[in-house]
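Biologist: I'm new to this one, could you walk me through it?
Modeller: Gladly; have a look at it here, and then ask whatever you like.
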Amino acid sequence: MIDLDNVEVLRALDVDDMLGVVSALPQQCRDAYDAAVRLVLPSADGVTAVAFCGMGGSAVAGDVLRAVFRDRLGVPVDVNRGHELPAYAGPNTLVVISSYSGNTSETLATFREALARGCRVVAITSGGALGAEMAVAGLPVVPVPAGFQPRAALGYLGFSALGALEAMGLLPPLAVDVDETVTELAILAERLSPMAPVEANPAKALAVRIGEKVPVVWGAEGIGSVAAMRWKTQLNENGKVPAFWSSMSELDHNEVVGWVQPYGHDFSLIALRHDGEVPEIDERFTLSYEIARAAGMENAEVRATGRSLMTRLMSLILVGDYASVYVGLHRGVDPTPVAVIDRLKSALAGN
């Protein structure tokens, strides 16, 4: 295993500087929100539902929107991962098409279906086929910079969406929450940087703790669950390892039954916690930890920081992004390439 405090070795392994990209999340959030909120976009008057369409990293922005603003939005938000729009989508539905590359087949399919149904459409993309088709249709695009892996552009995608929906009148003014989030993330990024040693760096310490085991991530319902799903996918793509996630308290109705000897020994449990949890959740975590430990699985906790739901969620995401990169580097692999996905795309394109 690679020594995570050997910064020169880490930089040599991290050929495309994924650590540098992760560290830029605060600035991504700042730049994306500031640019999007100034755009002149159609009003959302009369909108009765929002369908946020995307895949992979491009869809996480919708999860952030739904989790953080569920209690502040007057309309339901559906995050749509697939080729088809929900049946309710029509002229009073705002369809947000999120595709970083602009070439995601599932997202292009939902865009074309939204046009056919007469939905209101806004796209968030760096270009590609989606950008071209939006231009032909004369529909608004919130542009994001090209050149990133989609999973590494969450700040651009997520905060562009938030700024755009504020500009359209669907969200209240978010400047105060964005300011807090950017400030908190910048402080956190310093603590998690490659220069910070394992004993003072929670993300490095988690990567060492995981070691050769398979990560299992539990998140408290709401923002904890969104963060847990993000951790899982980042561990897959950056860490190049299998990983699993669950939501508390749903997992207490099924998953805990499977944690019996000897199955826990090959897994490492990380629980994502935040101060906004309902009181009953704390007791459930305590009892579920006991079940996991009895199965041979050690557990660690990561607690969100900040005042607002936005800041708490993004703080959990940043720790997970760093930890996932360190998991890959600790095992001696470059975190950026996703060769399996590239092969899948090439094979599908040939059909």
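Modeller: One definition before the sheet: two strands are said to pair if DSSP finds at least two bridges between them. Please also keep in mind that this is a predicted model.
Biologist: OK, in what order do the five strands of the open sheet come?
Modeller: The order is β2-β1-β3-β4-β5, and the strands pair in parallel fashion. The edge strands, each of which pairs on one side only, are β2 (77-80) and β5 (141-143). On average, neighbouring strands of this sheet are turned by 15 degrees against each other, if direction is ignored.
Biologist: Which strands does helix α6 touch?
Modeller: Helix α6, which spans residues 128-137, packs on the sheet and touches β3, β4 and β5, while its direction makes about 140 degrees with that of β4.
Biologist: Switching to Thr107: buried or exposed?
Modeller: Thr107, which sits in helix α5 (residues 105-117), is buried because its relative accessible area is 2%, and buried means under 20%. Apart from neighbours within four places in sequence, Thr107 contacts Cys53, Gly54, Met55, Ile97, Ser98 and Ser99.
Biologist: What about Leu348, buried or exposed?
Modeller: Leu348, in helix α13 (residues 339-349), counts as exposed because its relative accessibility is 61%, and the cut-off for exposed is over 50%. Together with Val340 and Leu344, Leu348 forms a nonpolar surface patch with about 320 Å² of accessible area.

Technical notes
Residues are numbered from 1 along each chain as its sequence is written. This is a predicted model: local features need pLDDT of at least 70, side-chain atom pairs count only at pLDDT 80 or more; totals for chains, interfaces and linings use all residues. Side-chain values use heavy atoms; hydrogens and water are left out. Patches are made of residues with over 30% relative accessible area and no salt bridge: like charges are joined within 9 Å, nonpolar side chains (Val, Leu, Ile, Met, Phe, Trp, Tyr) within 5 Å. Accessible areas come from the Shrake-Rupley method with a 1.4 Å probe; for residues, only the protein chains shown count as cover. A salt bridge is a side-chain nitrogen of Lys or Arg within 4 Å of a carboxyl oxygen of Asp or Glu. Helices (H or I, at least four residues) and strands (E, at least two) are DSSP runs, numbered from the N terminus. Buried means under 20% relative accessible area, exposed over 50%, partly exposed in between (1.4 Å probe, protein chains only). Axes are lines fitted to C-alpha atoms, for helices over the stretch in contact, and angles run from 0 to 180 degrees between N-to-C directions. Contact means heavy atoms within 4.5 Å.
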